[in-house]
Amino acid sequence: QVQLVESGGGLVQAGGSLRLSCVPSGSMFAISAMGWHRQAPGKQREFVARIDRAGSTNYADSVKGRFTISRDNAKNTMYLQMNSLKPEDTAVYYCNAVNGITNSWGQGTQVTVSS
């Protein structure tokens, strides 16, 4: 399984920005796709964004136009740039990697958006 190390979470006021990072244990190009999910207390984990090996991206409607997923191949790091944050974005954000049939998850990083 791929080991994933996340960082960048924190507390921000509404309208602010955060940038999350995820570093896999191996090369990103050995991974079919990487992305982000989030989970708030009492809710199921939900899809946020993903990017595949070709650079194709996909976003949940709730974050489209505000969040941007990207990769830095030299740093072997995936990012989630979150702008215009809203209180409803508050959740634990999890990095995800799909490698064949194996689905790996990071430990999660807390994002809290105050009103």
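The legends below describe close-up views of a predicted model. In this model, local features require pLDDT of at least 70 and side-chain atom pairs count only at pLDDT 80 or more, whereas totals for chains, interfaces and linings use all residues. Residues are numbered from 1 along each chain as its sequence is written, and side-chain values use heavy atoms, with hydrogens and water left out.

**Figure 1. An open sheet of 4 strands has the order S1-S3-S8-S7.** Strands are DSSP runs of E with at least two residues, numbered from the N terminus, and two strands pair if DSSP finds at least two bridges between them. The pairing in this sheet is antiparallel. Strand S1 (4–7) and S7 stand at the edges with a single partner strand each, so one side of each is left without a neighbour in the sheet. From one strand to the next, the twist averages 20°; for such angles, axes are lines fitted to C-alpha atoms, for helices over the stretch in contact, and values run from 0 to 180 degrees between N-to-C directions. S1 is joined by 4 bridges to strand S3 (residues 18–24). Within this antiparallel pair, Glu 6 stands opposite Cys 22 in S3.

**Figure 2. Strand S5 pairs with S4 and with S6.** S4 and S5 run antiparallel and are joined by 6 bridges. Gly 35 stands opposite Arg 50 in S5, and Arg 50 also stands opposite Asn 58 in S6. Between S5 and S6, which run antiparallel, there are 3 bridges. The hairpin of S4 and S5 has 6 residues between the strands, and Gly 42 in this hairpin takes a positive phi near 80°. The hairpin of S5 and S6 has 4 residues between the strands, with a positive phi near 90° at Gly 55.

**Figure 3. Salt bridges join Arg 38, Glu 46, Arg 66 and Asp 89 into one network.** A salt bridge is a side-chain nitrogen of Lys or Arg within 4 Å of a carboxyl oxygen of Asp or Glu. Side chains of opposite charge can pair when their charged atoms come close. The whole structure holds 4 salt bridges. In one of them, the side chains of Glu 46 and Arg 38 meet at 2.8 Å, N to O. Buried means under 20% relative accessible area, exposed over 50%, and partly exposed in between (1.4 Å probe, protein chains only). Glu 46 is partly exposed at 28%, whereas Arg 38 is buried at 6%. Asp 89 and Arg 66 also form a salt bridge, at 2.8 Å, N to O. This pair links distant parts of the chain, 23 residues apart: Asp 89 lies in the loop between strand S8 (77–82) and strand S9 (91–99), and Arg 66 in the loop between strand S6 (57–59) and strand S7 (67–72). Asp 89 is buried at 1% relative accessibility, and Arg 66 is buried at 11%.

**Figure 4. A salt bridge connects Asp 61 and Lys 64.** The side chains meet at 3.4 Å, N to O. Asp 61 is exposed, with a relative accessible area of 65%. Lys 64 is exposed as well, at 51%.

**Figure 5. Arg 45 sits over the rings of Tyr 94 and Trp 105.** A charge sits over a ring if NZ of Lys or CZ of Arg is within 6 Å of the ring centre and within 35 degrees of the ring normal. The charged end of Arg 45 is 3.8 Å from the centre of the Tyr 94 ring. For Trp 105, the distance from Arg 45 to the ring centre is 4.6 Å.

**Figure 6. The largest nonpolar core has 28 residues.** A nonpolar core is a set of buried Ala, Val, Leu, Ile, Met, Phe, Trp, Tyr and Cys residues joined through side-chain atoms within 4.5 Å. Met 34, Trp 36, Leu 80, Met 82 and Tyr 93 touch the most other members. At least two residues each come from S3, strand S4 (33–39), strand S5 (46–52), S7, S8, S9 and strand S11 (109–114). S9 supplies the largest share, 4 residues.

**Figure 7. Asn 76 and Ser 84 have positive phi values.** Most residues other than glycine have a negative phi. Phi of Asn 76 is near 50°; this residue lies in the loop between S7 and S8 and is buried at 18% relative accessible area. Phi of Ser 84 is likewise near 50°. Ser 84 lies in the loop between S8 and S9 and is partly exposed at 41%.
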